[in-house]
Amino acid sequence: MLSEPELTSVPPTVARYDRRGARLALLAFAMLIVSLDQYIVVVALPEIGRDLGYSAQTLQAVISTYAIASGGFLLFGGRAADLLGRRRMLVTGLVLYAVASVLGGLATVPFLQLSGRTLQGLGGALVFPSTLAIVNTTFAEGRDRNRALSVWGGAGAAGLVVGVLLGGVLTQGFGWRAVFFVNVPLAGFAVVAAFALIGADRPREGRRRFDSAGTLSATGAMTLLAFALVRGPDAGWGSPGIVAALVAGVVLLGAFAVIERRTADPLLPRHLLTNPSLVLALVVVFMFTATFGSLLYFMSIWLQDVRGYDALATGLSFLLPTAVVVSGSVLAGPVVTRIGVRRALLGALAVGALGACLLGLALTPDGSYASLVPGLIAVSVGDGMVFTAMYIAAATRVPDRHQGVASGIVTTGSGMGAAAGLAVLVLIANTTADARGLDGDALRIATGGGIRVAVFVIAAGIGTTFLIALASFRRGS
């Protein structure tokens, strides 16, 4: 007869893998929270604008404020994860998210809501690189990490689309404030789970310093440049505020370069910038969020303002791309393991560019949802696979002790790309539409025409990313 311990004991290897699987599920969930919050407000924007008194020119700030704060602090978040502890920064970021969401949901004037969105951006700047660094240090480079990044990447890529879907459902059923309040229980659950599943942070290495001067100059530079990229197209590139932000941002960037050369323990270790995989990933992630990420915004506006969908119908329209994005991202890890990151990334970009072109052709004023399906499927496959593949490339040949700052580097590219891409594409769409003085059907047709041009520009941007990646891989071969 077997003794009680023999009946109930679990082999150490199985227990270890079960714990790693649970930890990965938590990290994917935290990434989902950050990712979906970038666009969960998109469908709710018309109601938010009416209730709080935003003008047509300032309503975009509900999205761009998040992008500016997140983009400015991501490098800081990555370095803080390495030095102060990855679990500590993850929990801090989630708590910020919860507090900021309450502030945004209770807001009665734009200033309070934009303050909440700023805090959400700061929270995201801590959560995003922390989750990526924990994944990369928990799983060994190669097949295990590729599979783990598929799960994490699937949550991140899906979150952008799920945000629009969830935003539509919540806005229709409970009003726009629900898109903020939903984050509170989500972040609260993740905080509790983090203490249960992620081990305590190791003591800080005595010889590693935080590089305060480098941190302040880099954060200031990224924040000012993100502000200029977001506000420049609307305010005018020659306006005093934009010129001042650009000049100050460039000066701080120069100061950061000087500081980094002179410090013994720089915020941005120089050897990371000689890693070709990380550098390529930085370029690809910037272009990805500027193109694939911005597409969601224009699809939502087209469905509502051109085709007349309500918030719920708009959200439900993203069920198909959500399923495809998740599938593409989950498949990306095994595909990269089998054929390599080069072929996987180039193939995904080619499919994504084709999908964006098909969408542009289908976005006619009287086009049906069915006509969008081929383009939606292709662009969503590309979206999911590129998202995972570019983060696999970013982690390649990076030491564990620098995974946090490497994650901060590439996620900074993500934040800056989101800010720059949406601002420039909105300007292109509005300039092309030239809807001044129009109303009724004429306004609908003009709006649809501007969005169609923006989608073709997105297709060209994805194609350009393909050419950049192709050239990079050829130089490295």
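Visitor: Why is F76 called partly exposed?
Guide: In this predicted model, F76 has a relative accessibility of 24%. Buried means under 20% and exposed means over 50%, so at 24% F76 counts as partly exposed. The residue sits in helix α4.

Visitor: What makes G71 buried?
Guide: G71 has a relative accessible area of 0%. The cut-off for buried is under 20%, so G71 is buried. G71 is also in helix α4, which covers residues 61-84.

Visitor: Which residues is G71 in contact with, leaving aside its neighbours within four places in sequence?
Guide: Those are M222, T412, G415 and M416. A contact needs heavy atoms within 4.5 Å. As for L427, its C-alpha is 20 Å from that of G71, and the two are 356 residues apart along the chain.

Visitor: Why does F227 count as partly exposed?
Guide: Its relative accessible area is 34%. That value falls between the 20% and 50% limits, so F227 is partly exposed. You'll find F227 in helix α10, residues 212-235. Setting aside neighbours within four places in sequence, F227 is in contact with I68, G232, G241, I242 and A245.

Visitor: And how far apart are F227 and G308?
Guide: C-alpha to C-alpha they are 32 Å apart, with a sequence separation of 81 residues.

Visitor: How do you know that L280 is buried?
Guide: L280 has 7% relative accessibility. Since buried means under 20%, L280 counts as buried. L280 belongs to helix α12, residues 276-306.

Visitor: What is L280 in contact with, beyond its neighbours within four places in sequence?
Guide: A469, S472 and F473. In the case of A469, the C-alpha atoms of the pair are 7.1 Å apart, although 189 residues separate them in sequence.

Visitor: What makes Q113 buried?
Guide: The relative accessibility of Q113 is 0%, and the limit is under 20%, so Q113 counts as buried. Q113 is in helix α6, residues 110-138. Apart from neighbours within four places in sequence, Q113 is in contact with I48, L52, Y54, V62, G104, A107, W176 and F180.

Visitor: Why is R397 called exposed?
Guide: R397 has a relative accessible area of 55%. Exposed means over 50%, so R397 is exposed. R397 lies in the loop between α16 (369-395) and α17 (403-433). One more thing about R397: its phi is positive, about 60 degrees, although it is not a glycine.

Visitor: How do you know that the span of helix α15 is close to the expected one?
Guide: Helix α15, residues 341-362, has 22 residues, and at 1.5 Å a residue the expected span is 32 Å. From first C-alpha to last it reaches 31 Å, close to that value.

Visitor: Which residues of α15 are buried?
Guide: They are A344, L345, L346, A348, L349, G352, A353, G355, A356, L359, G360 and A362. As background, an α-helix has 3.6 residues a turn, so residues three or four places apart point the same way.

Visitor: What does the secondary structure of the chain come to?
Guide: It comes to 18 helices and zero strands.

Visitor: How many of the residues are buried, as a percentage?
Guide: Buried residues make up 56% of the 477. The accessible surface of the chain comes to about 19000 Å², with 67% belonging to carbon and sulfur atoms.

Visitor: What share of contacts join residues at least 24 apart?
Guide: Among contacts between residues at least 6 apart in sequence, 85% join residues at least 24 apart.

Visitor: And how many charged side chains are there, positive and negative?
Guide: The chain has 34 positive and 23 negative ones, and the centres of the two sets lie 11 Å apart.

Technical notes: Residues are numbered from 1 along each chain as its sequence is written. This is a predicted model: local features need pLDDT of at least 70, side-chain atom pairs count only at pLDDT 80 or more; totals for chains, interfaces and linings use all residues. Side-chain values use heavy atoms; hydrogens and water are left out. Helices (H or I, at least four residues) and strands (E, at least two) are DSSP runs, numbered from the N terminus. Buried means under 20% relative accessible area, exposed over 50%, partly exposed in between (1.4 Å probe, protein chains only). Accessible areas come from the Shrake-Rupley method with a 1.4 Å probe; for residues, only the protein chains shown count as cover. Lys and Arg count as positive and Asp and Glu as negative; His and the chain ends are not counted. The place of a charge is taken as NZ of Lys, CZ of Arg, CG of Asp or CD of Glu. The expected span of a helix is 1.5 Å times one less than its number of residues.
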